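Below is a short briefing on one protein chain. Please look through the structure first, then read the points grouped by topic.

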Amino acid sequence: MPMLSGRALHNVTNRNEYFESLIELMGNTYNEETNPDGIINLAIAENSLMQRTVADYLNENLRLHTKQLTYGDGTTGSYRLKANLANFLNNYFHPVQDVKSTEIIVSSGILEHNPKSRERWTKKRMGEDFYARSRANAIPVSFGDIDPFSIEALQCYEDELVKFNKEKPGAQIRAILLANPHNPLGKCYPRETLLEYMKFCEKHDIHLIADEIYALSIFKTSSNQDAVGFHSVLSIDMEDVVDPRRVHVLYGMSKDFSSNGLRLGIVVSRNSQLVEAMSSITIFSWPSAPADLAWCLMLEDSAFLEYYISEHQRRLAEGYEFLAGILDNLGIDYTRGSNAGFFVWADLSFALERPADGSEPGLAEDMKLDQKLIQGGVHLAAGLGYQAEKPGWFR
Ligand SMILES: Cc1ncc(COP(=O)(O)O)c(C=O)c1O
């Protein structure tokens, strides 16, 4: 067999088995008519509440022109889309300084730029993908009983950084990846905590990458009246705290715009060097022109946009209350007070098998429960994929 390079071989021997099984399950999704024996796949963060609305809107309004069959305005998205996005961010993310279209890079989804970061610096599963692509490692950070949204959590990063520098003198930590709103906890970081992250990054000469892909997937229910609202890092006055050139925002079409399949994601950065550096590799993640046009149409139609966002938030609240009600009735514990995202982080540890040797259930039992659920026809996102610190938690 012709030999592959060492780099390619690494990705063969370190295949991401989680994704392989996920793709298999995605190809067997339940459908009442076409695949009644399929799996009900709740493990993927897709916004099914608004997909019909978006599909109807696009079917009515999207007309392809010959421009959408060309290479268009180049590898970083059309000028039209970047102008629309700057306008959108200025209206909805309340930046201290207006975002300019030249500070935006569009690509085919934000995973192009960032493995999802969870309550860790990044989670292992995505960390593996990150490594497969860029040869950068992800370092998990444990919080124990410390609230990951609190200022105290920064000490955990500090400790991990000191440990890392001691153990790996030749290597360097480059960035913190933060998902705000958080996936899977469905909560937002308080302003003060975000400021601490900024200070931390300035102190240690590292970048802050804020994944804000759920920015508008926010909702209010009677159970989350005191929840912290979403604050974009762009809305924080960072002068005297951090060099704005080390703070970057990720956003995309997948979640707030219910369009995972259109594959559009953006980076917003005030770091012109970073924008230039990224522009030189976006040829590999060139956004599709019809998808680019689809987002333009939605962003330009302010009446639709307003209706869409408020209806989306109303349905999220309704969906959350529905599921929380079921969990309450069943006596299943879950993270309280969530106000963002399409998910509930629930404790199914009562269903974990007990290991034969009498020890506490761990990763193996987590995986068994995951498989049992799939065999029962339902796929949830297992906590092991998020490096959950306790077994039995599912999203
Ligand atoms: C926090 C977070 N970031 C990014 C993504 C993926 O974004 P995209 O579809 O733009 O690659 C997800 C999807 O689950 C996510 O939860």
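Asp240 sits in the loop that links strand 4 (207–211) to strand 5 (247–252). This is a predicted model, and the points below begin with that residue before turning to the rest of the chain.

**Residues with positive phi**

- Asp240 has a phi near 70 degrees, which is a positive value in a residue other than glycine.
- Is Asp240 buried or exposed? Asp240 is exposed, because it has 6 other C-beta atoms within 10 Å, and a residue counts as exposed at 12 or fewer.
- Gln387 also has a positive phi, near 50 degrees, and is likewise a residue other than glycine.
- The loop between strand 8 (378–379) and strand 9 (393–394) is where Gln387 is found.
- Gln387 has 19 other C-beta atoms within 10 Å, so it is partly exposed; a buried residue would need 20 or more.

**Cis peptide bonds**

- The peptide bond running from Asn180 to Pro181 is cis, and its omega is near -5 degrees.
- Pro181 belongs to the loop between strand 3 (175–179) and helix 7 (191–204).
- Asn183 and Pro184 are also joined by a cis peptide bond, with omega at about 20 degrees.
- Where does Pro184 lie? Pro184 is in the loop between strand 3 and helix 7.

**A pair of packed helices**

- Two packed helices are described by the angle between their axes and by the distance between the axes.
- For helix 4 (residues 79–92) and helix 9 (residues 289–300), the angle is about 40 degrees and the axes are 9 Å apart.
- The crossing of helix 4 and helix 9 is left-handed.
- On the helix 4 side, the contact is made by Arg80, Leu81, Asn84, Leu85 and Phe88.
- On the helix 9 side, the residues in the contact are Asp292, Trp295, Cys296, Leu299 and Glu300.
- Sorted by class, this contact between helix 4 and helix 9 has six nonpolar residues, one polar residue and three charged residues.

**The chain as a whole**

- How many helices and strands does the protein chain have? The secondary structure comes to 11 helices and nine strands.
- The radius of gyration of the protein chain is 21 Å, close to the 21 Å that the globule rule gives for 395 residues, so the chain is as compact as a globular protein of that length.
- Along the principal axes, the C-alpha atoms fill a box of roughly 65 × 60 × 60 Å.
- Of the 395 residues, 37% count as buried.
- Among contacts in the protein chain with a separation of 6 or more, 69% are between residues 24 or more positions apart.

Methods: Residues are numbered from 1 along each chain as its sequence is written. This is a predicted model: local features need pLDDT of at least 70, side-chain atom pairs count only at pLDDT 80 or more; totals for chains, interfaces and linings use all residues. Helices (H or I, at least four residues) and strands (E, at least two) are DSSP runs, numbered from the N terminus. The radius of gyration is taken over C-alpha atoms; the globule rule is 2.2 Å times the number of residues to the power 0.38. Two residues are in contact if their C-beta atoms, placed from the backbone, lie within 7 Å. Axes are lines fitted to C-alpha atoms, for helices over the stretch in contact, and angles run from 0 to 180 degrees between N-to-C directions. A crossing is left-handed if the near helix is turned anticlockwise from the far one by less than a right angle, and right-handed if clockwise. Ala, Val, Leu, Ile, Met, Phe, Trp, Tyr, Cys and Pro count as nonpolar, Asp, Glu, Lys and Arg as charged, and the others, Gly among them, as polar.
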